[in-house]
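Subject: A structure for you to look at

Hi there,

I am handing over the structure we talked about, and it is shown just below.

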Amino acid sequence: MIRPFAPSHHAYLRVVRASAWYDLVITAGFATPWTYALVHDALSSLGEALGLGVLPALDPIQTLYANLMGSVVVVWALLRILKTLPVHGLYDGAARTLFSMWLAYAPAHGAPRLLWLFLVVEVAFGIVQLVPWWRARRSSLLDPAQFSLPSTK
């Protein structure tokens, strides 16, 4: 029988919580049409100032998708802050892997290069949250005691 594994160090839970706080701070402004308009303007100004490009003009569909993403990420962040579990780091790492792929895809296909800044954080939090699971899984697979038959005495 393969035993379940999970990073259980307090430091790991602090990382899971820190990634949740980052998500809450960064995405809360995306959760409503009114706050998203402010975030959109701020990100466009930052992109222009850094020479990384501006966001496209606001439109209702873009705002809808930003609000949907912001709402879901805010709820997910609050869950990880209020009830931090090791498995939340595993799921968050998986989600960050997906986000990272799309954050790399977008500027590679013409979106403002400003998105690369967010990609760095996504990849970093993804690695820090997934590597302990990978190591635990790898060591459990290499443990021959895992695969021994139970004693019949």
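In α4, the buried residues are His88, Gly89, Asp92, Gly93, Arg96, Ser100, Leu103 and Pro107; buried means under 20% relative accessible area, exposed over 50%, and partly exposed in between, with a 1.4 Å probe and protein chains only. The 23 residues of α4 should span 33 Å at 1.5 Å a residue, and the end C-alpha atoms are 33 Å apart, which agrees. (The expected span is 1.5 Å times one less than the number of residues.) Just after α4 comes Gly110, with a positive phi of about 105°.

Please keep in mind that this is a predicted model, where local features need pLDDT of at least 70 and side-chain atom pairs count only at pLDDT 80 or more, while totals for chains, interfaces and linings use all residues. Residues are numbered from 1 along each chain as its sequence is written, and side-chain values use heavy atoms, leaving out hydrogens and water.

The mean pLDDT (the predictor's confidence in each residue, from 0 to 100) is 89 for the protein chain, and 86% of the residues reach 70 or more. Over residues 1-5 the pLDDT is below 50, and this stretch has ten contacts (heavy atoms within 4.5 Å) beyond near neighbours in sequence.

Overall, the protein chain has five helices and zero strands; these are DSSP runs, H or I of at least four residues for helices and E of at least two for strands, numbered from the N terminus. Of the 153 residues, 33% are buried.

Now to α2, residues 33-50. Which of its residues are buried? They are Tyr36, His40, Leu43, Ser44 and Gly47. Seen down the axis of α2, these fall within an arc of 105°, so they line one face of the helix; the arc is taken from the directions from the helix axis to the C-beta atoms. The face turned away from that buried side carries the exposed residues Trp34, Leu38 and Ala49. After α2 comes Gly51, whose phi is positive, near 70°.

Happy browsing, and do write back with any questions!

Best wishes
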